[in-house]
Amino acid sequence: MHRARFTEAPAAWLLMTPALVGLMLFLLLPFALAVVLSFTNLRMASPLPLEFVGLANYTLAFQETALPRALLNNLLFALVVVPAQTALGLALAVLLDRPLRGRTVFRTLFFLPVVFPLSLIAVVWVLIFAPGPDGLLNATLGVLSFGLWEPRDFLNDPHWALPAVMLTSIWQGVGFQMIVLLAGLQAIPRQLYEAAAVDGAGRWRQFLHVTLPGLRNPLIFVVIVTTILSFRVFDQVRIMTRGGPQDASNTVIHEMVRTAFDQGHVAMGAAMSVVFFVVILGIALAQRRLLRQRGEVS
Amino acid sequence: MADVEFRAVRKAFGGHTVISGLDLTVQDGELLVLLGPSGCGKSTLLRLLAGLEQATDGEIRIGGRPVDALGPRARNIAMVFQNYALYPHLTVRGNLEFPLRMRGMKRAERERRTLAAARALGLEPLLGKRPAELSGGQRQRVAMGRAIVREPDVFLMDEPLSNLDARLRVQIRAEIGALQRRLGVTTLYVTHDQVEAMTLGDRVAVMRDGVIQQLGRPAELYERPANLFVAGFLGSPPMNLLEPAFERRDGERMARLGGTWIRSAAGIPERARYAGIRPECLGIGASGSSDDARADRLAIQGSVESVEVLGHERIVYLRAPGSMIELSDGPGPWRSAEGLLAARLPASPALEREESVTLTAPAAELHWFDEDGNAIASGAG
């Protein structure tokens with residue numbers, strides 16, 4: 001045992017090296033740099049000499065940038081999108097798990113947005129949300145409400161911008177949830193449903209007592225992945241609203257990119273990324289603890 | 001408690017008929033075994049009764065009440081599945097309680113029944129465990145417990161022992177038999193294992209291609225198989241089925257079996273076309289001239305092909321002249337084949353491969369079957 005470990009160690013290191021180098025170069029090193037830079041006054045194309053400024057960037061980030069609002073938006077985004085998208089994905093998965101004519105076609109259609117570039121989808125939805133009575137959504141709502149709907153500029157309305165981005169995101173990502181949950185559904189033995197039926201469970205109770213417990217692990221996976229994606233929202237915001245109006249749809253990453261690259265305030269952007277890292281780490285640890293407590297079901 | 005009645009039940013999947021016009025009555029409190037090869041429709045019959053499938057035609061009654069329009073929930077049956085189908089996320093207690101919870105039973109009553117079932121099956125120490133933590137035999141008991149806790153009108157068991165190893169199977173088989181007798185619940189038990197069928201069943205229905213071939217007490221099936229299929233299915237090894245040559249001499253019909261002309265004392269039935277002899281009816285005899293017409297004794301000479309030593313006895317397979325028939329899986333219930341004659345013999349004397357042996361049996365032990373493979377009752381010539 002000991003000898004085996006001893007002789008295997010060099011080979012193990014050798015095999016791990018490429019991955020480790022990549023991890024170092026593209027993840028650890030940039031992050032370490034970000035931490036260091038966040039304590040400086042680095043600006044792009046600035047004539048000022050590089051100086052250590054302590055925690056100034058952190059205080060300023062919270063006082064003078066849209067970071068607090070962006071964090072709140074991200075939180076809202078996650079609180080709405082994660083449950084809504086998961087519930088919708090589950091509903092679609094359950095529906096498309098039944099024998100249904102053309103079910104492969106439907107599965108493909110619902111999954112299609114996942115493989116499209118997000119930027120393309122964002123552009124399409126910009127057209128859907130187009131302002132004025134001729135905008136696709138406005139016109140549709142107008143017809144459906146017999147003209148009672150008042151056309152609005154969704155993406156420039158502080159109340160509608162964030163929900164519009166959420167809707168786009170849900171539409172784009174729900175296919176992913178659906179596919180993962182469909183695979184999970186197919187792994188549930190049919191006989192469990194039959195046993196439940198014989199035991200006296202109707203359709204709804206079969207769903208509660210067989211389907212949901214059977215989907216526990218795929219559901220956990222989907223929720224974790226969607227949560228992480230919710231905090232990483234960038235493309236939609238960049239293309240559809242640029243964070244506006246008045247930061248109503250701004251997100252942390254978008255604000256970070258804007259500060260660091262649009263405004264050239266690299267050190268401030270770095271400070272935001274460190275703050276964001278701490279937040280994400282906290283969420284990841286909380287989820288981990290929560291799930292470990294409940295244990296795995298084999 | 002209730003009896004179960006199938007009336008002209010037919011089931012087709014798409015255009016493919018699995019069960020064609022089946023009539024069957026299971027008496028109140030009886031354990032009836034459906035026995036047959038895989039694909040014979042026995043499990044489908046069970047699923048029809050459970051309400052997991054809908055009959056294409058015909059009527060099913062439980063306790064005199066037609067249940068065709070009722071879902072599984074309303075039929076008050078309990079089922080034990082081949083792979084047990086225990087709820088993996090529930091503990092043993094949760095699994096046992098599940099059918100009671102689904103019926104909205106009060107907590108105290110639930111508790112009482114769950115404990116009673118657990119006690120009856122020795123599951124008390126396992127109540128807090130999940131199915132994944134249990135052995136195969138324990139899971140099987142939990143599945144049984146989940147069935148009995150409801151006190152249903154009918155038990156359905158779909159190959160409940162097939163996932164257990166041989167020793168456990170014998171033990172649990174006995175437990176199931178004892179439990180069923182004690183509870184007296186009408187039980188329909190599906191298996192492809194004839195030993196299970198013979199040992200457990202009050203009556204056994206042998207099925208093939210969705211048709212009941214014979215229904216009767218186990219001994220009855222063995223001693224008086226109704227047709228070639230039942231004869232060739234039951235027994236290990238099953239009955240030797242032979243295709244004799246017939247000839248009429250001095251007005252008496254004679255059959256040439258394995259090189260010997262025989263005439264049974266009672267005469268060979270007029271319609272006889274096939275003959276059968278159980279392996280245990282054959283014994284080693286003196287070899288005689290094979291052309292002699294022996295009055296009432298069968299003598300088949302052949303060479304030993306293989307010997308299976310079972311300890312207290314041996315199964316000897318003999319290559320003998322004359323045509324045999326075997327049950328076929330394809331179209332047509334049987335076909336002629338150059339088969340081996342099986343004989344169940346005592347452990348001594350030793351027999352070598354290729355050794356020439358004469359096996360004899362009283363002609364009265366022969367079973368006779370007509371052109372269609374149906375048994376001809378002796379003396380009914």
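Two strands pair if DSSP finds at least two bridges between them. In this predicted model, chain B holds an open sheet of six strands with mixed pairing. In chain A, helices α4 and α7 come within 7 Å of each other, axis to axis.

**Sheet in chain B**

- The strand order of the open sheet is β6-β7-β8-β3-β9-β10 (chain B).
- Strands β6 (77–80) and β10 (211–216) of chain B form the edges, each pairing on one side only.
- From one strand to the next, the twist averages 20°.
- Strands β3 (residues 31–35) and β9 (residues 203–208) of chain B run parallel and are joined by four bridges.
- Leu32(B) has Arg203(B) in β9(B) as its bridge partner.

**Helix packing in chain A**

- Two packed helices are described by the angle between their axes and the distance between the axes.
- For helix α4 (residues 103–115) and helix α7 (residues 161–186) of chain A, the axes cross at roughly 120°.
- α4(A) and α7(A) are therefore oblique to each other, since angles from 65 to 115 degrees count as roughly perpendicular and only those over 145 as roughly antiparallel.
- The crossing of α4(A) and α7(A) is left-handed.
- On the α4(A) side, the contact is made by Phe110(A), Phe111(A), Leu112(A), Pro113(A) and Val114(A).
- α7(A) contributes Trp171(A), Gln172(A), Gly173(A), Val174(A), Gly175(A), Phe176(A), Met178(A) and Ile179(A) to the contact.
- Sorted by class, the contact of α4(A) with α7(A) has 10 nonpolar and three polar residues, and no charged ones.

Conventions. Residues numbered from 1 in each chain as written. Chains lettered and ligands numbered in written order. Predicted model: local features only at pLDDT ≥ 70, side-chain atom pairs only at ≥ 80, totals over all residues. Axes fitted to C-alpha atoms, helices over the stretch in contact; angles between N-to-C directions. Helix = DSSP H or I, 4+ residues; strand = E, 2+ residues; numbered from the N terminus. Parallel < 35°, antiparallel > 145°, perpendicular 65-115°, else oblique. Left-handed = near helix turned anticlockwise from the far one by under 90°. Contact = placed C-beta atoms within 7 Å. Nonpolar A, V, L, I, M, F, W, Y, C, P; charged D, E, K, R; others polar.
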